[in-house]
Amino acid sequence: GRILLGRGYRNIKLILSHSPEVMKGVASEQFDLFLKFGGSLIHKRDVLTSDFAPNTLLIDGLLGTGITRSPSGVVGELIEEVNKWGFRVLSCDIPSGLNHSTGEAYEPCIRAKWTLNYHVVKSGQVKGPRDLVGSLWTCETNLTFTRFGSDFGKRLKMLYASKPIVRIT
C-alpha cells in the first residue's frame with residue numbers, strides 16, 4: 001500500500017487482522033509510513049457498506065510462506081470474508097492459506113486472481129489449485145540475486161533477463 005501511495009495512487013485502505021499496537025520491527029515501520037503517505041484503515045465490518053469502485057483490488061498479505069495448518073481465528077475469518085466479498089485479489093508471494101511447498105490448500109484459503117511471487121517460484125504455487133493461485137507472476141527484489149543467486153544464478157538471470165516481472169502461468 002505504501003508503495004502504491006508513493007507512486008501517486010489514492011484511496012488506498014488497509015484492513016488489519018490485528019491491532020497496530022502488536023506490530024513490531026519492519027511491519028510497524030511500514031505501517032507508520034503507510035499512514036504518513038496518506039493511507040487509511042477500514043474495518044472489515046465496513047467493507048460492504050463502503051463506496052468501493054468497481055475496479056477495486058484487494059491485496060492479500062495476511063500470511064506468507066511456512067504455514068502448516070489451516071488459518072484460524074481472526075485471520076481465518078478475514079480470509080473467509082475476502083472470498084465472500086467478490087473483489088479481485090492480488091496475493092503477495094502466495095495466497096494466504098496455501099502451503100508454499102506442497103500446494104495444499106488449507107481451509108480457508110484466499111482465491112486470488114493473480115499471485116505475485118517474490119524471488120524464486122515456490123513448488124506450491126505451481127502444484128496448488130489454479131483457481132486459488134490465479135495467474136502467477138514473479139518479480140525480482142533486492143534479495144533475488146543476493147540471497148538466491150549462488151543457488152539459482154544462471155536460471156534467475158535468464159528468467160529476469162528482459163524484465164523484472166515475468167508471467168509464469
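A residue counts as buried when its relative accessible area is under 20%, as exposed when that area is over 50%, and as partly exposed in between. The structure described here is a predicted model, and by this rule Lys122, with a relative accessible area of 14%, is buried.

**Charged pairs**

Side chains of opposite charge can pair when their charged atoms come close. A search of the whole structure finds 2 salt bridges. In one of them, the side chain of Lys122 meets that of Asp93, with 2.8 Å from N to O. This pair links distant parts of the chain, since Asp93 sits in the loop between S4 and S5 while Lys122 sits in the loop between S5 and helix H4 (123–127), 29 residues apart. Asp93 also counts as buried, because its relative accessibility is 12%, under the 20% limit.

The side chains of Asp131 and Arg111 form a salt bridge as well, at 2.6 Å from N to O. Asp131 belongs to helix H5 (residues 130–133) and Arg111 to the loop between S4 and S5, so this pair ties together parts that are 20 residues apart in sequence. Arg111, at 46% relative accessibility, counts as partly exposed.

S3 pairs with strand S4 (residues 88–92) in the parallel sense, over 4 bridges, and Leu57 has Arg88 in S4 as its bridge partner.

Helix H3 (residues 73–85) contains 13 residues and reaches 19 Å from its first C-alpha to its last, which is close to the 18 Å expected at 1.5 Å a residue. Its buried residues are Val75, Gly76, Leu78, Ile79, Val82 and Trp85, and what covers the buried residues of H3 includes S3 and S4. Just after the helix, Gly86 takes a positive phi of about 80°.

**The loop between S4 and S5**

Glu107 is also placed in the loop between S4 and strand S5 (114–118). With a relative accessible area of 63%, Glu107 is exposed, because that value is over the 50% limit. Leaving aside neighbours within four places in sequence, Glu107 is in contact with Ser70 and Pro71. The C-alpha atoms of Glu107 and Lys122 are separated by 20 Å, although these residues are 15 residues apart along the chain.

| Residue | Relative accessible area | Class |
|---|---|---|
| Asp93 | 12% | buried |
| Lys122 | 14% | buried |
| Arg111 | 46% | partly exposed |
| Glu107 | 63% | exposed |
| Cys92 | 22% | partly exposed |
| Cys109 | 6% | buried |

**Cysteines**

How many disulfides does the structure hold? The structure holds 0 disulfides. Cys92 is in no disulfide, and the nearest cysteine sulfur, which belongs to Cys139, is 9.1 Å away. For Cys109, the closest cysteine sulfur is that of Cys92, at 14 Å, which is too far for a bond, because a disulfide requires the two sulfur atoms to lie within 2.5 Å.

Key: Residues are numbered from 1 along each chain as its sequence is written. This is a predicted model: local features need pLDDT of at least 70, side-chain atom pairs count only at pLDDT 80 or more; totals for chains, interfaces and linings use all residues. Side-chain values use heavy atoms; hydrogens and water are left out. Two strands pair if DSSP finds at least two bridges between them. Helices (H or I, at least four residues) and strands (E, at least two) are DSSP runs, numbered from the N terminus. Buried means under 20% relative accessible area, exposed over 50%, partly exposed in between (1.4 Å probe, protein chains only). Contact means heavy atoms within 4.5 Å. The expected span of a helix is 1.5 Å times one less than its number of residues. A salt bridge is a side-chain nitrogen of Lys or Arg within 4 Å of a carboxyl oxygen of Asp or Glu.
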